Amino acid sequence: LKSDIKTLWTRFYLNCQKNEFINTVKGMKTIDDSGMIQRHPMYISDNQFIYLKNNFKEPKHILFSKGQKRTINSNYISGISYDKQSENIYYSATITTDPYLNYSDIFVLHSGSKQVRQLSFGARLFDPVRIPNQDALLCVKRERNHAFLTRFDLNTRRSTVISDGLAAISHPVISPDNQFIAAAIKHQNRYWQIALFHSDGRLLRYISSGRMNCFYPKWRKKGELIFIRESPEKSRLSFFRIDDKPCRYESVLEIQYIKYFSLSEDGNRFLITYLSQNGYNTSEFPFESVFDSSLPIDEEQEINTVGHGSKEETHFYQNKKRQVRRYNYIRDLLPKYFSPTLNYAGNELQPGISTSGGDILNKNLYEINLLYGLKKKQIFYDLKYKFNGFFQNLKLNMFDRYSLNRSRQGSEFLFRTIGIQLLLSHPFFKTRKHTASFAFDLHYEKNISESEFDETSASFQNRFIQHYNGFGFSLLYRSTKEYYNSFS
């Protein structure tokens, strides 16, 4: 293992050294060589561009443009695009509603302001792109372990699936004539490929050969597509022309570990983000220094048309109506599992069955425990309910539980607790792994004690009720290392 790690590190170091030679490329211009994480560079005009930047520990993303920067507080931004007509920046970001539940939603940021608006809520949408001349976005939607091309209406805030399902779809882009959609797709246990869709969502053909990973497509002009082809030893930009006689050629500029790139509006300049010795770098290149159409390609191109008898057809999740099963609120609230549980309440051991559930937005969560007291041979229940639908930091908790206890005099009594709590919390310290919050709550709690058990009537004779109502302040802290390992 030590020898393998040394070999891999040496290969990575030598490949990064090759990237140092690109500084001698004619017309090359360094944009950012700080080494911090840089993603999704893109032109918004001939002389202006934007890109995301953040360090390895903070969830904050800094959106850089010409002489300006804005801070975006999101855990992870998976896709971003710019609409020239409205001057809006659309992006998808992960929203954490619970330590174990993440959802990706669509946000919009106007290039001239700092106001961010959330457009979807718990919709599992990724990689938004504005559809020209329509009040809609083209997105990728995750549903039932499959990915679909989806149209998101900006007026009604509803999404409509337009394609069949695949294992994964990433970074869809619309052609300049609005007739085609290019995207990176993936079948189960296969390489990433570049595929061409019709504007209505029908898959037309594959553009890449399928023998290495291809991703991040961009349109240059009508019928001209550029994407990244990645092998274990190198990654290059690949040019593809879509016409009756398709042709393809590779970039002559050897840049190892290309991560992202963008094209200027006229298609004559590149913004390329790549890994070097000091980390992430972003540079600008003229088109002539990247591609030379006179050089032969290094691999025979395969063009696959999707249709009956195609080898790839069996990998599809066929959705004949092109519509995901309609959301049913009652079905979503049904229990997802049943599990054995063991509870020690007061002076009694209580085995039983536990179940829980909630809606897709994680607004309504419940837990039900049916328990059997081994001492009194009675069936008890433990109910918990949480509502997260008011605001992001406002929660409603309700609970009802039983326990059997023994007093100092040796007599037994049944103790029941019924409560409702309205909790308002606000984080004052937040990183990728740690969160600390102030909390204020209003609570109502009712304790019922029943003592002097009568074996003849099999019931408790005395009943004593106490109320604990009021408000409280608290300090909440949570440290999460992985999705399965958290401490609060």
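Me: With which residue does Glu284 form a salt bridge?

Reply: In this predicted model, the closest N and O atoms of the Glu284 salt bridge are 3.4 Å apart. Glu284 lies in strand 24 (residues 279–286) and its partner in strand 23 (residues 269–276), so the pair ties together parts that are 15 residues apart in sequence. The partner of Glu284 is Arg269.

Me: Is Arg269 buried or partly exposed?

Reply: A residue counts as buried under 20% relative accessible area. Glu284, at 11%, is therefore buried. Arg269 has a relative accessibility of 23%, so Arg269 counts as partly exposed.

Me: Which residue meets Asp32 in a salt bridge?

Reply: Asp32 is buried, with a relative accessible area of 8%. Asp32 lies in strand 1 (residues 29–35) and its partner in strand 3 (residues 49–54), so the pair ties together parts that are 21 residues apart in sequence. The N to O distance is 3.1 Å, and the partner is Lys53.

Me: Which strands stand at the edges of the open sheet of 4 strands?

Reply: The sheet has the order 10-11-12-13, with antiparallel pairing. Each edge strand has a single partner strand, so one side of each is left without a neighbour in the sheet. The edge strands are strand 10 (125–130) and strand 13 (159–161).

Me: Which residue in strand 11 does Leu125 stand opposite?

Reply: Strand 10 and strand 11 (residues 136–143) run antiparallel. They are joined by 4 bridges. The residue in strand 11 opposite Leu125 is Lys141.

Methods
Residues are numbered from 1 along each chain as its sequence is written. This is a predicted model: local features need pLDDT of at least 70, side-chain atom pairs count only at pLDDT 80 or more; totals for chains, interfaces and linings use all residues. Side-chain values use heavy atoms; hydrogens and water are left out. Two strands pair if DSSP finds at least two bridges between them. Helices (H or I, at least four residues) and strands (E, at least two) are DSSP runs, numbered from the N terminus. A salt bridge is a side-chain nitrogen of Lys or Arg within 4 Å of a carboxyl oxygen of Asp or Glu. Buried means under 20% relative accessible area, exposed over 50%, partly exposed in between (1.4 Å probe, protein chains only).
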